[in-house]
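Subject: A structure for you to look at

Hi there,

Here is the structure I promised to pass on to you. Have a look at it first, and then read my notes below.

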Number of protein chains: 2
Amino acid sequence: MPKISNKGLSMPESPIRKLVPFSEAAKSRGINVIHLNIGQPDIKTPQVAIDAIKNNTVSILSYSKTEGSDTFRKKLADYYSKHQISIEADDILVTTGASEGLSFVIGSIADDGDELIIPEPFYANYNSFSTAFGAKVVPIVSNIDNGFALPSIAEFEKAITPKTKGILICNPNNPTGYLYSKEEIQQLAALVKKHDLFFIVDEVYREFVYDGKQHYSVLQEPHIDENAIVIDSVSKRYSMCGARIGFIITRNKVLRSIILKFMQARLSPPSYAQIASEAALETPQSYFDDVISAYVARRNVLIEGLNGIPGVKVINPQGAFYCIVALPVKDSDKFAQWLLEDYSLNNETVMVAPAAGFYATEGLGKNQIRIAYVLEEKVLKRAIHILSEALKQYSLNENTAKRILKKI
Amino acid sequence: MPKISNKGLSMPESPIRKLVPFSEAAKSRGINVIHLNIGQPDIKTPQVAIDAIKNNTVSILSYSKTEGSDTFRKKLADYYSKHQISIEADDILVTTGASEGLSFVIGSIADDGDELIIPEPFYANYNSFSTAFGAKVVPIVSNIDNGFALPSIAEFEKAITPKTKGILICNPNNPTGYLYSKEEIQQLAALVKKHDLFFIVDEVYREFVYDGKQHYSVLQEPHIDENAIVIDSVSKRYSMCGARIGFIITRNKVLRSIILKFMQARLSPPSYAQIASEAALETPQSYFDDVISAYVARRNVLIEGLNGIPGVKVINPQGAFYCIVALPVKDSDKFAQWLLEDYSLNNETVMVAPAAGFYATEGLGKNQIRIAYVLEEKVLKRAIHILSEALKQYSLNENTAKRILKKI
């Protein structure tokens with residue numbers, strides 16, 4: 001057959017994809033699989049967005065403007081100004097999800113072999129978008145023992161080469177739940193300014209911030225208008241992941257004109273989803289208050305539960321709805337498969353995301369998993385209990401296996 | 001500021017984008033601009049699709065399956081089997097428009113510097129998708145004097161190098177309206193088989209075929225399952241360009257597994273649009289009969305009118321809803337701008353797409369324009385009259401200018 005491209009061959013697979021057949025097999029054996037592995041919230045989409053679609057008056061579903069509808073971008077600018085971020089509608093480019101936004105940004109700044117510095121663990125698809133456009137991810141390790149805080153600026157500076165095009169962070173962070181402080185953002189801002197790099201911040205979880213903490217956007221930082229690029233999305237904020245509406249925000253006009261060429265080629269973002277997303281901006285504050293309360297309660301249940309399991313280590317996340325959990329196992333990949341293939345408690349088991357897929361450095365995160373706390377408290381409690389019992393069993397099995405191996 | 005990527009700099013601009021400010025200025029002067037330049041049909045979206053959206057029961061707008069919803073793909077397979085194309089639901093990958101489909105196909109088969117052979121003139125964005133993924137377009141000229149038929153196979157064969165990854169055609173063709181015959185498809189099929197290349201056919205206009213002709217899909221051709229890739233879309237077929245739903249269809253499993261990795265990174269195609277698109281498959285045949293009749297009537301009005309203008313050359317298109325028109329002008333770019341900036345008849349003018357943007361070879365198509373006949377007959381008649389009168393005036397101006405230049 002004709003040859004596949006090298007970049008096609010090296011595109012990473014989804015870290016959980018290989019577990020899906022085991023999950024499906026478990027379900028077909030009648031086992032209830034609790035999904036701790038995916039970030040699909042069970043929160044209802046705001047009624048105002050649902051209603052806008054049901055009451056739409058479209059008779060010809062035509063292309064929208066390439067950069068997104070003007071009224072939508074105007075209202076988005078208003079949304080940010082309410083959040084102490086002063087931007088114009090023209091600074092916003094509407095994309096088909098944050099995913100497309102990141103792809104077009106990487107395509108606009110990186111050629112084959114160019115480098116992006118990203119603290120790891122990071123959202124696995126950053127690697128995919130980079131690979132698709134020939135860019136290379138240069139990871140800087142952030143450590144669970146340090147609460148996944150920003151690694152020292154010296155380490156970033158050491159990683160900068162003539163090929164470095166930018167630094168990419170996610171704030172608050174998927175998968176660690178870490179919220180970068182204003183000081184950390186300012187340190188990175190000074191660094192990108194010094195080395196004339198782009199500073200891309202994925203802020204899709206910007207409103208999921210807990211315990212009275214404040215989110216500091218890179219767009220609030222002065223003097224880096226040419227460097228700063230924010231990626232945002234309606235997916236998590238309004239629990240409308242299926243809309244596929246995101247944004248690129250940058251005050252850098254030249255960069256916008258380049259990104260616009262990538263956008264023109266794909267014509268326009270989806271029209272129905274823009275109607276829903278524009279309406280979603282009218283969501284009352286009470287919706288968010290309820291959602292944040294729900295996530296805090298879920299997080300508290302999860303972290304307390306996990307801390308009660310011997311040998312488990314987890315950091316209390318300050319934002320987003322994920323955490324990285326270190327387990328008393330050697331290989332969380334094998335453990336995740338075993339949970340689906342060989343274990344159940346009262347006919348239930350859990351599916352987790354092995355964390356190795358969130359690291360670019362081979363061998364890191366082998367004993368870690370990522371958990372998304374997007375399920376109801378009572379389900380999370382059952383899931384923690386299952387995990388706890390499963391770990392006991394798994395440890396027994398491992399010891400038995402060791403004893404057998406010794407005898408052989 | 002930080003540096004833009006080379007591929008970002010070399011991404012082509014939309015061929016009509018630079019005319020947009022002139023069109024907007026004309027409108028602000030109170031002039032009615034008839035848009036012959038864009039392929040946005042004025043045909044209503046089928047009621048069944050509109051109704052499905054209005055009656056949807058979504059309460060959490062969640063991610064769909066990465067490769068598109070199972071029921072949708074199953075119904076799509078049924079659609080193709082009604083059109084003598086035997087494929088399975090698994091052979092279909094649902095993309096965010098044909099644009100995303102083409103991008104992912106090119107990314108999956110081409111690395112930096114790899115080549116795609118495309119007969120020119122071609123849909124301008126083929127060049128953009130190729131540039132974004134580092135691929136190079138190698139054009140083969142198809143000629144208006146030959147009715148834009150497939151260039152000889154010898155010319156294709158001459159263009160094949162070790163870097164060639166595939167041949168890409170659009171059938172029926174945008175911008176020429178040419179419908180490739182079964183024999184032409186078979187000649188190319190034999191060629192890709194012989195040289196082990198991919199054969200990508202953009203069939204988004206497959207149902208817009210006139211005068212009793214039959215469309216022959218590359219998927220009907222036996223023995224090239226590993227080579228053949230079809231790109232399709234609901235955009236034009238159901239006049240729902242704003243849905244952004246397309247498909248990649250290939251029986252090549254290995255290729256599908258690679259494309260799926262690009263798809264996983266962007267999570268899923270838009271959910272609302274899939275609901276509308278699945279419902280659109282129930283559109284009654286009478287809708288298409290009416291649409292085809294309307295396009296044939298429009299085409300007839302257009303071609304007859306254009307043939308009545310001295311010095312104009314046009315081929316009667318057998319499919320899609322575009323034609324390439326050779327004008328008695330030196331530079332259609334300047335003429336198109338002049339139409340918007342300096343000309344009007346009864347307070348109206350026309351906007352056309354200069355054809356040079358549809359050619360990869362510098363200097364070709366300079367006297368040509370592309371016209372989309374997606375407007376009502378009475379509007380098309382006025383547009384032809386305006387074009388005819390404008391050409392007289394433009395020719396007078398040119399001659400006057402020449403006389404003045406001679407005197408200087």
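How many bridges join strand 12 of chain B to strand 13 of chain B? Two bridges join them, and the two strands run antiparallel. Before going on, please note that this is a predicted model, in which local features need pLDDT of at least 70 and side-chain atom pairs count only at pLDDT 80 or more, while totals for chains, interfaces and linings use all residues. Residues are numbered from 1 along each chain as its sequence is written, chains are lettered from A and ligands numbered from 1 in the order in which they are written, and side-chain values use heavy atoms, with hydrogens and water left out.

**The sheet in chain B**

Two strands pair if DSSP finds at least two bridges between them; strands (E, at least two residues) and helices (H or I, at least four) are DSSP runs, numbered from the N terminus.

Strand 10 (residues 322–326) of chain B is joined to strand 13 (residues 368–372) of chain B by five bridges, again antiparallel. B:Arg370 in strand 13 is the bridge partner of B:Ile324 and also of B:Ala353. B:Ile371 of strand 13 has B:Cys323 opposite.

Why is strand 13 of chain B largely enclosed by the rest of the structure? Five of its five residues are buried, where buried means under 20% relative accessible area, exposed over 50% and partly exposed in between (1.4 Å probe, protein chains only). In a regular strand, side chains alternate between the two faces of the sheet. Here B:Gln368, B:Arg370 and B:Ala372 are buried on one side, and B:Ile369 and B:Ile371 on the other.

**Aromatic rings**

Over all chains, the search of the whole structure finds 41 aromatic pairs. One of them is B:Tyr178 with B:Tyr180: the ring centres are 5.1 Å apart and the planes stand at 75°, so the pair is edge-to-face. Rings of Phe, Tyr and Trp (its six-membered ring) pair if their centres lie within 6.5 Å; planes under 30 degrees apart count as stacked, over 60 as edge-to-face and the rest as tilted. B:Tyr178 is buried at 19% relative accessibility, and B:Tyr180 is buried at 4%. Ring pairs also link A:Phe104, A:Phe133, A:Phe262, B:Phe104, B:Phe133 and B:Phe262 into a cluster.

Chain B superposes on chain A by a rotation of 180° with 0.0 Å of shift along its axis (RMSD 0.0 Å). This is the relation of a two-fold axis. Copies are superposed by least squares on the C-alpha atoms of residues with pLDDT of at least 70 in both.

How many disulfides does the structure hold over all chains? There are zero, a disulfide being a pair of cysteine sulfur atoms within 2.5 Å. The sulfur of A:Cys170 has its closest cysteine sulfur in A:Cys241, 14 Å away, too far for a bond. A:Cys170 is also buried, at 2% relative accessibility.

Enjoy exploring!
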